[in-house]
Amino acid sequence: QVQLVESGGGLVQAGGSLRLSCAASGRTFSSYLMGWFRQAPGKEREFVVAIGRSGSTTYYVDSVKGRFTISRDNAKNTVYLQMNSLKPEDTAVYYCAAVLALRVYGNGWPQKSDEYDYWGQGTQVTVSS
């Protein structure tokens, strides 16, 4: 069982930055592929980015490439999402998610919600224009 707790959301002006954190419980954090999703009001939850077990591989959705950076610190059981050049359309509740890397190995980067086993409660990010 893995418990995930996000933090770092808030209100920021367009062009600003925020850093989200997701702290995980348990001693097997490095066994999990981690992802970030977001859900805007009235829209479905969408994949944003994922990071492999060691942190050396990542996959971004096109809309955030060059602006967002995912990283992880396995010693601290934490994954981060640095968000720069924020736009109003980035406004959403951001969720981190985890799946055992072995479950998805060889199947490409998991980008659907039902491919992940554990979820945080979400943190609100609001970007004003």
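The protein exposes about 6800 Å², and carbon and sulfur atoms supply 46% of that area (Shrake-Rupley method, 1.4 Å probe; for residues, only the protein chains shown count as cover). The model is predicted: local features need pLDDT of at least 70 and side-chain atom pairs count only at pLDDT 80 or more, while totals for chains, interfaces and linings use all residues. Residues are numbered from 1 along each chain as its sequence is written, and side-chain values use heavy atoms, with hydrogens and water left out.

**Overall form**

- The protein has one helix and 11 strands (DSSP runs numbered from the N terminus: helices are H or I with at least four residues, strands are E with at least two).
- Along the sequence the elements follow the pattern β-β-β-β-β-β-β-β-β-α-β-β.
- The radius of gyration is 14 Å, close to the 14 Å that the globule rule gives for 129 residues, so the protein is as compact as a globular protein of that length (radius taken over C-alpha atoms; the rule is 2.2 Å times the number of residues to the power 0.38).
- The C-alpha trace spans about 40 × 25 × 25 Å along its principal axes.
- Of the 129 residues, 44% count as buried (buried means under 20% relative accessible area, exposed over 50%, partly exposed in between; 1.4 Å probe, protein chains only).
- Among contacts between residues at least 6 apart in sequence, 60% join residues at least 24 apart (contact means heavy atoms within 4.5 Å).

**Nonpolar cores**

- In soluble globular proteins, nonpolar side chains tend to be buried together.
- The largest nonpolar core holds 30 residues, of which L4, M34, W36, F68, L81, M83 and Y94 touch the most other members (a core is a set of buried Ala, Val, Leu, Ile, Met, Phe, Trp, Tyr and Cys residues joined through side-chain atoms within 4.5 Å).
- At least two residues of this core come from each of β3 (18-24), β4 (32-39), β5 (46-51), β7 (68-73), β8 (78-83), β9 (92-100) and β11 (123-128).
- Apart from this core lies another, of eight residues, among them F37, F47, V99 and Y116.
- Not counting residues up to four places away in sequence, M83 touches G16, S17, L18, L20, R67, F68, Y94 and V125.

**Strand β8 and its partners**

- β8 is mostly covered, with five of its six residues buried.
- β3 and β8 pair in the antiparallel sense over six bridges (two strands pair if DSSP finds at least two bridges between them).
- In β8, L81 stands opposite L20.
- β7 also pairs with β8 in the antiparallel sense, over six bridges, and S71 stands opposite Y80 in β8.
- The hairpin of β7 and β8 has four residues between the strands.

- N77, in the loop between β7 and β8, has phi near 55°, a positive value in a residue other than glycine.
- N77 is buried, at a relative accessible area of 16%.
- S85 is not a glycine either, yet has a positive phi of about 50°.
- S85 belongs to the loop between β8 and β9 and is partly exposed, with a relative accessible area of 39%.

**Disulfide**

- A disulfide is a covalent bond between the sulfur atoms of two cysteines.
- A search of the whole structure finds one disulfide (a pair of cysteine sulfur atoms within 2.5 Å).
- This disulfide joins C22 to C96, with S to S at 1.9 Å, and the link is right-handed, with 50° about the S-S bond.
- C22 lies in strand β3 and C96 in strand β9, so the pair ties together parts that are 74 residues apart in sequence.
- Both C22 and C96 are buried.

- D90 sits in the loop between β8 and β9 and is buried, with a relative accessible area of 1%.
- Not counting residues up to four places away in sequence, D90 touches R38, R67, F68, S85, V125 and V127.
- Y32 is in strand β4 and counts as buried at 7% relative accessibility.
- Leaving aside neighbours within four places in sequence, Y32 is in contact with V2, R53, R72, A98, V99, L100, A101 and Y118.
- Y32 and C96 are 64 residues apart in sequence and 12 Å apart in space, C-alpha to C-alpha.
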